Amino acid sequence: MPHPPSDGPRLLRFATAAVDVHHHTSLPDQLPASRVELDALHAHCIALFRLVDTHTATTRPHQPAEADQLHAARIRLWQTADALHAAYHRAPRADGREPTREACALRLPEGAPDLAICQRHTLASARMRRISTPAELRGTPASSSRA
């Protein structure tokens with residue numbers, strides 16, 4: 001039985017257009033990304049990670065080779081989210097204070113509302129540990145038959 005048409009592709013096109021408009025109209029010239037911007041990018045990346053994660057799981061039973069490629073994309077999205085999370089914790093705070101090297105090394109949560117990015121990241125981290133190998137997370141995604 002064929003699936004009914006979905007608004008998914010149309011919604012993704014709107015989301016892509018919104019990111020593109022933001023890129024071309026909302027970014028100030030020559031200013032580094034703020035923590036607010038990094039948090040929003042992280043949220044966007046994690047949402048995309050979850051979407052690709054769902055597509056990987058639903059594709060695997062029907063098209064294993066395609067699912068392997070989706071799995072590799074899912075890992076790269078995770079690596080991007082991980083780098084955005086690290087950048088967030090190294091960016092200056094709203095009050096202008098620079099994070100200390102020790103606080104960055106310890107990855108200490110900074111409390112609400114800054115903790116939201118850490119909570120989002122922790123949930124995605126748990127999922128990644130269940131669906132990938134340590135070698136894949138280090139940047140060498142390989143073909144597998146994982147979910």
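Arg120 and Asp39 form a salt bridge, with their closest N and O atoms 2.9 Å apart; the term covers a side-chain nitrogen of Lys or Arg within 4 Å of a carboxyl oxygen of Asp or Glu. This pair links distant parts of the chain, since Arg120 belongs to helix H5 and Asp39 to helix H2, 81 residues apart. Helices are DSSP runs (H or I, at least four residues), numbered from the N terminus. Arg120 counts as buried at 17% relative accessibility, whereas Asp39 is partly exposed, with a relative accessible area of 24%. Here buried means under 20% relative accessible area, exposed over 50%, and partly exposed in between (1.4 Å probe, protein chains only).

The model is a predicted one, in which local features need pLDDT of at least 70, side-chain atom pairs count only at pLDDT 80 or more, and totals for chains, interfaces and linings use all residues. Residues are numbered from 1 along each chain as its sequence is written, and side-chain values use heavy atoms, with hydrogens and water left out. The protein averages a pLDDT of 82, and 79% of the residues score at least 70; pLDDT is the predictor's confidence in each residue, from 0 to 100. Among the elements, H2 has the highest mean pLDDT (94) and helix H4 (residues 101-106) the lowest (60).

In the whole structure, 4 salt bridges are found. One of them pairs Asp53 with Arg74, the closest N and O atoms being 2.5 Å apart. Asp53 lies in helix H2 and Arg74 in helix H3, so this pair ties together parts that are 21 residues apart in sequence. Both Asp53 and Arg74 are buried. The side chain of Asp53 also meets that of Arg127 in a salt bridge (2.8 Å, N to O). Because Arg127 lies in helix H5 and Asp53 in helix H2, parts 74 residues apart in sequence are tied together. Through shared partners, Asp53, Arg74 and Arg127 are joined into one network.

Next comes the nonpolar core, a set of buried Ala, Val, Leu, Ile, Met, Phe, Trp, Tyr and Cys residues joined through side-chain atoms within 4.5 Å. The largest such core has 17 residues, of which Phe49, Trp78 and Met128 touch the most other members. Helices H2 (35-59), H3 (64-90) and H5 (115-131) are the elements that give two or more residues to this core, and H3 provides the largest share, 6 residues. Leaving aside residues up to four places away in sequence, Phe49 touches Arg74, Leu77, Trp78, Ala124, Arg127, Met128 and Ile131, where contact means heavy atoms within 4.5 Å.
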